[in-house]
Every structure is written in C-alpha cells, then in structure tokens.
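Reader: I would like to go through this model term by term. Please set each value against its cut-off.

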Amino acid sequence: MDKGISSIKPTDLRGILNYVPRFLGQTFVVSLDGSIIESENLPNILLDIAVLRSLQINVVIVHGIGKQLSCLAEERSIDISNSDGSGPTDEATLDLAIRASSRASHQILEALTQSGLKCAITNSVRSKHIGVIKGVDYLRGGRVDRIDSNFLNHLIKEGIIPIVQPIGFDRNGHTLRINSDLLAIETAFALNATKSIFLTECDGLEIGGVIVRQLPVEVLEFKLSELKGAALYSKATHALTGVKGGISRVHVLNGNIHDGLIREVFSNDGVGTLVYSNEYRQIRKATRTDLARIYNLTSGSVEEGELARRNIASIERDIENFYLYEIDGNLVGCVLITYFDSNPDIAEINALFVQSTHQQQGIGTRLVNFACEAIRESGANKALALSTQSFRFFEDICGFKEANTEALPESRRQDYLSEKRNSKILIKEF
Ligand SMILES: CC(C)(COP(=O)(O)OP(=O)(O)OC[C@H]1O[C@@H](n2cnc3c(N)ncnc32)[C@H](O)[C@@H]1OP(=O)(O)O)[C@@H](O)C(=O)NCCC(=O)NCCS
C-alpha cells in the first residue's frame with residue numbers, strides 16, 4: 001500500500017474522505033486493456049484498487065487480451081482473424097486467445113496477490129454466438145448472453161475481487177471470444193455498478209483534436225461519428241451504451257499514469273474522460289456541510305484578488321443564499337446572492353466562481369442566469385455585480401451595464417467605499 005498512498009498528500013486524503021459516504025458499498029467495474037496489464041504501472045493500478053477496496057468500494061476487474069494475443073500470434077507466426085474480439089474468431093485465433101487470456105489473468109492474479117488482495121478468476125459469463133452478420137460468419141466470436149451476477153456478488157461479499165476474462169462459454173460449454181469493452185459494460189449492467197472505468201493506453205476521448213474531460217452523453221452521441229476510426233472508438237461506443245443504459249459514469253483514462261485511477265475517481269479534475277448523463281450536472285442550494293468545500297473552491301481566487309475575502313464564518317452566515325454547480329457530485333462552481341433589507345428592488349451577485357479546469361464551458365453564464373432568475377423571482381428588478389477582473393464577462397456575456405456608485409443601495413455603498421477594491425459596478429435590469 002505504501003507506494004500508492006505515499007504520493008497522496010494529506011490534503012488530498014481529506015478530499016478523498018468527502019467521497020467516502022457517496023461511494024460506500026458501490027460497485028465499480030475496472031476494465032484493463034491487455035496493453036495495460038503488460039505496463040510497468042500495473043502494480044500501481046492494483047494498489048489504487050486496494051485503496052478503493054479499503055474504502056469499501058466493491059471492485060470487479062474485467063480485462064482485455066489484444067496485446068497478448070498479437071504477441072503470441074507473432075511469436076508463433078500465426079495469422080489471427082481478429083485481435084479485439086469484435087470480429088470473426090477462427091479456431092486458431094480462439095486457441096491463442098485462450099492462452100493469451102490465461103496469461104493476462106495470471107498477471108493480474110499475481111499482482112493482486114502481491115498487494116495482499118484476495119481474488120479469483122471466474123467463469124461468470126455465459127456467451128452466445130455472434131453468428132452471421134451481413135454474410136460474414138463470426139465463427140467463435142461471442143456476445144454476452146448472461147452474467148452470473150449471483151456468483152460475482154457472492155465473491156464480492158466474501159471480500160474477493162472477481163477477475164472476468166474476455167472468454168465465455170455457451171449453453172453447451174463451448175468457448176467463445178468476447179470483446180472486453182462490451183464485457184465490461186455488460187458486467188456493470190448486471191451488477192448495477194455505478195462506475196465503469198476503462199484503463200487504456202490513450203489519455204481519453206478526443207473530439208476535434210482535444211481530449212474532452214467531461215462529456216455529457218448527449219454530446220458523445222452527437223459526436224460519435226467523428227470518432228470513427230479513432231483508437232478509442234470502441235470505448236466511446238460502449239461508454240455511450242453504458243451511460244444510456246443506466247451506468248451513472250463511465251471513465252476512459254490512461255492506465256500508464258501513476259495514481260491516475262485514484263485521481264480520476266476522487267478529484268474534480270480527473271485525468272481522463274468522464275462520460276456522464278446530464279442529471280449529474282446541476283445547480284443546487286448549498287447546505288452547512290458544504291462550508292469547507294466552498295471555502296476551498298474559492299480561496300485561490302481570493303488570493304488573486306478576483307473575489308472578496310471570505311472566511312468560513314462569513315460563508316456560514318450566507319450559506320442559505322449560496323448556490324453550487326456540481327458535475328457528478330463534484331463542486332466546480334458557486335454563486336452567492338445577497339439581498340438588501342433596505343432595498344428589495346435590487347440584489348447582488350457575489351462570490352461567482354468557476355474552477356479553472358471547468359471554465360469556458362458555459363458554467364459561469366448558467367450560474368449568473370440562475371442567480372438573475374432567482375433575484376427576479378424574489379421581486380427585485382435589478383441584479384448588481386461588483387467585479388475587479390471579470391467586468392467584461394458581466395458586460396459582454398451576461399448583458400450587465402456599468403453604473404456608478406449611485407446605483408448601489410445605501411448600506412452597500414458605504415461598504416464599497418471602505419473596501420477600496422475599486423471594483424466596477426455592473427447592473428442588469430429585468
Ligand atoms: C468569470 C467566470 C465566473 C466565468 O466563468 P466561465 O464558466 O468560464 O464562463 P462561461 O463559460 O459561461 O463564459 C465564457 C465566456 O466568458 C468570457 N470571459 C470569461 N472571463 C472573462 C473575463 N474575465 N473577461 C472577459 N471575458 C471573460 C470568455 O472569454 C468566454 O467568452 P466566449 O464565449 O466569447 O469565448 C470565471 O472565469 C471565474 O470564476 N473567474 C474567477 C473568479 C471571478 O473573477 N469571478 C467574478 C467575480 S465577480
């Protein structure tokens with residue numbers, strides 16, 4: 001355990017603890033590409049899995065064999081009919097796939113054992129023939145017919161990590177080769193897993209030449225055709241199927257990154273791509289349990305002079321009027337509305353902040369629009385914002401207009417003059 005945890009700072013650990021109640025007892029399906037099983041980082045990944053287990057997250061490992069299969073084929077000069085299990089699998093390829101699979105499973109078993117974790121290679125997948133598609137016989141290529149969830153859950157309950165191979169058996173006990181991306185998603189469905197995590201050799205899903213960190217499932221669906229031919233097309237299609245089918249979150253990340261799995265699961269700015277359904281993106285009212293998170297989120301911006309200084313006590317005083325923007329339960333933005341007893345016609349938008357990794361995605365605009373709507377609903381007819389560095393954002397993007405101190409409610413004017421921040425005064429009338 002030492003190596004995996006030693007690179008995590010105590011502050012990170014505190015961040016991780018925020019997630020513990022949320023993930024407690026949930027099941028994550030971790031899918032390792034064949035190339036990642038060969039990677040030097042495998043022991044670290046398995047230590048990350050040990051961390052997940054110690055936080056009482058159930059883990060099932062599904063693995064691929066593409067790399068092992070290609071290596072065996074080369075060693076033995078055998079032409080394989082398909083390497084990833086999505087195409088026709090002839091007898092020679094199946095034979096090599098079985099060998100490749102035992103080798104890959106063994107490597108995982110060995111590394112898990114070295115990490116002190118109990119695990120078992122399972123025969124939990126009943127498969128059926130893909131059959132003939134558009135005139136092509138897929139031979140010993142298989143689909144998932146049924147996952148034996150009782151068996152897997154039994155192992156999980158006993159503290160054993162099940163290892164699921166991309167090889168299944170049909171009703172008659174005949175062996176078929178299955179694509180591991182498909183298998184991971186089907187396993188996650190069968191176990192009602194909340195996350196399916198693909199560890200691959202690429203950094204994440206790339207759209208328009210850029211790795212997208214957070215990808216709403218609707219956007220993925222819309223852009224899927226652009227990914228055709230890309231290395232991660234299979235991951236993208238299965239992520240889409242997974243999230244549309246009810247898995248809350250599917251992650252695709254580079255398995256060669258040290259601590260990558262832990263960072264992806266336990267931080268706002270993951271290292272790969274998170275595909276999520278929109279219900280996980282929301283603005284909600286803050287509660288007292290959010291105090292420390294709001295303070296941590298905004299404190300950097302206070303140092304930069306973008307936001308006025310607020311300590312925990314002052315955040316607590318205003319907590320009723322703080323609103324938070326969350327993605328997948330992670331806090332990425334906030335806004336505070338301040339009402340003036342002496343002047344109900346106007347309310348102020350304060351503490352507007354969007355985490356740097358999530359800026360330029362429309363979140364700031366959504367928070368301002370949300371605040372304006374709440375202000376309008378309160379009966380006021382003007383929103384006020386004071387800004388030192390983002391006044392153009394309020395003017396150009398959100399439709400505010402610069403005003404002078406006359407526009408401020410009396411009590412606010414006195415504070416404004418004594419603060420000496422020289423913020424620009426911006427007003428939006430409804
Ligand atoms: C200002 C802030 C909230 C904007 O959040 P965001 O989520 O990036 O904003 P959106 O994605 O909705 O809008 C992005 C647009 O605003 C523009 N924008 C953002 N900050 C800007 C700024 N300081 N000046 C001018 N334009 C700005 C962007 O250029 C972009 O324009 P485009 O759509 O034409 O490309 C965010 O930058 C932030 O948190 N900044 C630090 C804290 C701060 O200054 N808060 C305001 C205190 S009152």
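Reader: At what angle do helix H5 and H6 pack, and how far apart are their axes?

Author: Helix H5 (residues 66-75) and H6 pack at about 125 degrees, with axes 8 Å apart. Axes here are lines fitted to C-alpha atoms, for helices over the stretch in contact, and angles run from 0 to 180 degrees between N-to-C directions. The model is predicted: local features need pLDDT of at least 70, side-chain atom pairs count only at pLDDT 80 or more, and totals for chains, interfaces and linings use all residues. Residues are numbered from 1 along each chain as its sequence is written, and side-chain values use heavy atoms, with hydrogens and water left out.

Reader: Why are H5 and H6 called oblique to each other?

Author: Under 35 degrees counts as roughly parallel, over 145 as roughly antiparallel, 65 to 115 as roughly perpendicular, and the rest as oblique. The angle of H5 and H6 is about 125 degrees. H5 and H6 are therefore oblique. The crossing is right-handed.

Reader: Which residues make the contact?

Author: Contact means heavy atoms within 4.5 Å. H5 brings Gln68, Leu69, Leu72, Ala73 and Glu75. From H6 come Thr93, Leu96, Ala97, Arg99, Ala100, Arg103, Ala104 and Gln107. The residues of the contact of H5 with H6 divide into seven nonpolar, three polar and three charged. Ala, Val, Leu, Ile, Met, Phe, Trp, Tyr, Cys and Pro count as nonpolar, Asp, Glu, Lys and Arg as charged, and the others, Gly among them, as polar.

Reader: What span is expected of H6, and what does it reach?

Author: The expected span of a helix is 1.5 Å times one less than its number of residues. H6 (residues 91-114) has 24 residues, for which 34 Å is expected. From first C-alpha to last, H6 reaches 35 Å, close to that value. Just after H6, Gly116 takes a positive phi of about 75 degrees.

Reader: Which residues of H6 are buried?

Author: Buried means under 20% relative accessible area, exposed over 50%, partly exposed in between (1.4 Å probe, protein chains only). The buried residues of H6 include Leu94, Ala97, Ser101, Ala104, Ile108 and Leu112. An α-helix has 3.6 residues a turn, so residues three or four places apart point the same way.

Reader: What makes H8 and H10 roughly parallel?

Author: The axes of H8 (residues 180-190) and H10 (residues 233-244) cross at roughly 15 degrees and come within 9 Å. H8 and H10 are therefore roughly parallel. Their crossing is right-handed. Asp181, Leu182, Ile185 and Phe189 in H8 meet Ser234, Lys235, His238, Thr241 and Gly242 in H10. The residues of this contact divide into three nonpolar, four polar and two charged.

Reader: How many residues does H10 have, and what should they span?

Author: At 1.5 Å a residue, the twelve residues of H10 should span 16 Å. The end C-alpha atoms of H10 are 16 Å apart, which agrees.

Reader: What covers the buried residues of H10?

Author: The buried residues of H10 include Ala236, Leu240 and Val243. Their cover includes H8, strand E11 (195-200), helix H9 (217-223), strand E15 (249-254) and strand E16 (273-276). Just after H10, Gly246 takes a positive phi of about 115 degrees.

Reader: Is Asp328 buried or exposed?

Author: The relative accessible area of Asp328 is 5%, so Asp328 is buried. Asp328 sits in the loop between strand E18 (322-327) and strand E19 (330-339).

Reader: What does the secondary structure of the protein chain come to?

Author: The chain has 16 helices and 23 strands. Helices (H or I, at least four residues) and strands (E, at least two) are DSSP runs, numbered from the N terminus. Of its 430 residues, 50% count as buried.

Note on methods
Left-handed = near helix turned anticlockwise from the far one by under 90°.
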